[in-house]
Amino acid sequence: MPQHDLIIIGAGPGGYTAAIRAAQLGLNVACIEQEPALGGTCLRIGCIPSKALLESSELFSEANHTFPRHGIILPEVKLDLATMLRRKEQVVNTLTKGVDSLFKKNKITRYLGHARINGTGQIVVESSKEKTDLQAKHILIATGSKSSPLPGVELDGDRIGTSTEALSYPEVPKHLVVIGAGYIGLELGSVWRRLGAKVTVLEFLNRILPGMDDEIAAEAKKILEKQGLEFRLGNKVTKATVQGTQCLVESAGADPITCDRVLLAVGRIPNTDALGLESVNIKLDEKQRIPVDDHFATSAPGIYAIGDVIRGPMLAHKAEEEGVACVERIVTGYGHVNYDAIPGVAYTRPEIASVGKTEEQLKAEKIEYRKGVFPLLANSRARTLGQTEGKIKILADAKTDRILGVHIIASHAGDLINEAAVAINFGASSEDLARSCHAHPTLGEALREAALAVDNRTINF
Ligand code: NAI
């Protein structure tokens, strides 16, 4: 029977990163993945294809609306959706093959099939062809998550679907109804809006982007509305059915909507079924997650879990951090994730990014803070880019000046937020950020100005 020091179940960003780090640390590592392509939801049907489409649709929108402002006149801008979708597939294929090469380079054994734990240190891998028994000193569960269903919404895998279908609609919908104004709803809603669809977003709460800082989410709503996204807040969807080539979406206390496609994006649920957890007596929590301690150890000896199957935000980079910390701890005795410094990004235009505490969290926790805000319209680089929408907000401890949270809605916010994450990770004060020289002209200067704003001493506003 093949034996390994560590067997990882799932080759998403959490699993494959943990596999590489464990191999670097000298372990004999195997990774079991049921899909032929490595990379998990993120690479195959999540972060990567959605970002590819966001980029393409953004260029299409720019060519139509922004180019003339730059003095670039095109005869006629036409959409070739098939090519756009093909390009997305090529990006995905290149990256998933890249993970294959990384596995080979790091001598990680790959098994293709569905993994089921069969007692301490025992795993069975089942594929359509064969059944293989494996043994491991350590097992790491990194099986990720899937789209959450919504009672009454009848997914048909075509007209009423999840993000997976919305990454490959064969034609631009005339009217797309998006259920849920979270990350997925806003990103994929933006893609199809830019390509010409009427997009209506139905959101249960009275706000968009739950969990994001209120002020930034409110600004995002205004900007996205200007781009043509229509929001109905406080709207609880109760039913969605296919009626011929149309869909009917019903909501409590509101008129039904007829549309040609529905995207359900009301969150994700952990992939923790059919894993054989009962064989090692692991009990799930109320959200079907695997309970773990601070070092990702489950209640079963030698079995660990990371990423979307445990507590915390369902983000690829959070899973990566946990994967590395988990295997480092197994091998060296040390391994740590700073959960205060994990950024989140919605890749809309402008992008929306956040790290650390929101203003609402600080108020709820009765932490006294000072706030600095800087608008992008006063940043010279934003002017040259023609992307002056948005603002940067820094929240710092009132007594120590330590940065507690940074919230950005701006062009390239997803890149800017990394500087803020580093600052928080190093325990920086807003004064530290304000006194760090930033190249001119860059969008990063707006972050520095927001730090200066904490002490009411901005230069350019
Ligand atoms: P989400 O949790 O971000 O948002 C779901 C939204 O659906 C919430 O606003 C919720 O109030 C709403 N909702 C729930 N029931 C409803 C109903 N009956 N009617 C109307 N609205 C309803 O979930 P989303 O967007 O599906 O994303 C799932 C996960 O994937 C998130 O945890 C997110 O962090 C992650 N993700 C991250 C991305 C990124 O980092 N850029 C991109 C895409 C997803």
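Start by selecting helix H7 (residues 214-226), which lies across S19, S20, strand S21 (391-397) and S22 and runs at about 5° to S22. Contact here means heavy atoms within 4.5 Å; axes are lines fitted to C-alpha atoms, for helices over the stretch in contact, with angles from 0 to 180 degrees between N-to-C directions. Helices (H or I, at least four residues) and strands (E, at least two) are DSSP runs, numbered from the N terminus.

Some housekeeping before the next click: this is a predicted model, where local features need pLDDT of at least 70 and side-chain atom pairs count only at pLDDT 80 or more, while totals for chains, interfaces and linings use all residues. Residues are numbered from 1 along each chain as its sequence is written, and side-chain values use heavy atoms, with hydrogens and water left out.

**The sheet**

Now show the strands themselves. They belong to an open sheet of 5 strands, in the order S18-S19-S22-S21-S20, with antiparallel pairing. Two strands pair if DSSP finds at least two bridges between them. At the edges sit strand S18 (344-346) and S20, each pairing on one side only. From one strand to the next, the twist averages 10°.

Zoom in on strand S19 (residues 351-356) and strand S22 (residues 403-410), an antiparallel pair with 6 bridges. Pick Ala-353 and you'll find Ile-408 of S22 opposite.

**The aromatic pairs**

How many aromatic pairs does a search of the whole structure find? There are 2. Rings of Phe, Tyr and Trp (its six-membered ring) pair if their centres lie within 6.5 Å; planes under 30 degrees apart count as stacked, over 60 as edge-to-face and the rest as tilted.

Tyr-169 is in the loop between helix H5 (163-166) and strand S9 (175-179), and Trp-192 is in helix H6 (residues 183-194), 23 residues apart. Tyr-169 is buried at 1% relative accessibility, and Trp-192 is buried at 0%. Buried means under 20% relative accessible area, exposed over 50%, and partly exposed in between (1.4 Å probe, protein chains only).

Next, go to Phe-374 and Phe-461: with ring centres 6.2 Å apart and planes at 75°, this pair is edge-to-face. Phe-374 lies in strand S20 (residues 369-375) and Phe-461 in the segment after helix H13 (444-454), so the pair ties together parts 87 residues apart in sequence.

**The cores**

A nonpolar core is a set of buried Ala, Val, Leu, Ile, Met, Phe, Trp, Tyr and Cys residues joined through side-chain atoms within 4.5 Å. The largest one has 52 residues, and Ile-8, Phe-103, Ile-117, Ile-123, Leu-140 and Ile-141 touch the most other members. Helix H1 (residues 13-24) supplies the largest share of this core, 6 residues. A second, separate core of 35 residues includes Leu-53, Tyr-169, Leu-176 and Ala-265.

Centre on Ile-117: leaving aside neighbours within four places in sequence, its contacts include Ile-9, Ile-139, Leu-275, Val-280 and Ile-303.

**Last stop**

Finish at Pro-149, in the loop between strand S7 (145-147) and strand S8 (160-161). Pro-149 is exposed, with a relative accessible area of 52%. Not counting residues up to four places away in sequence, Pro-149 touches Leu-264, Val-266 and Ile-269.
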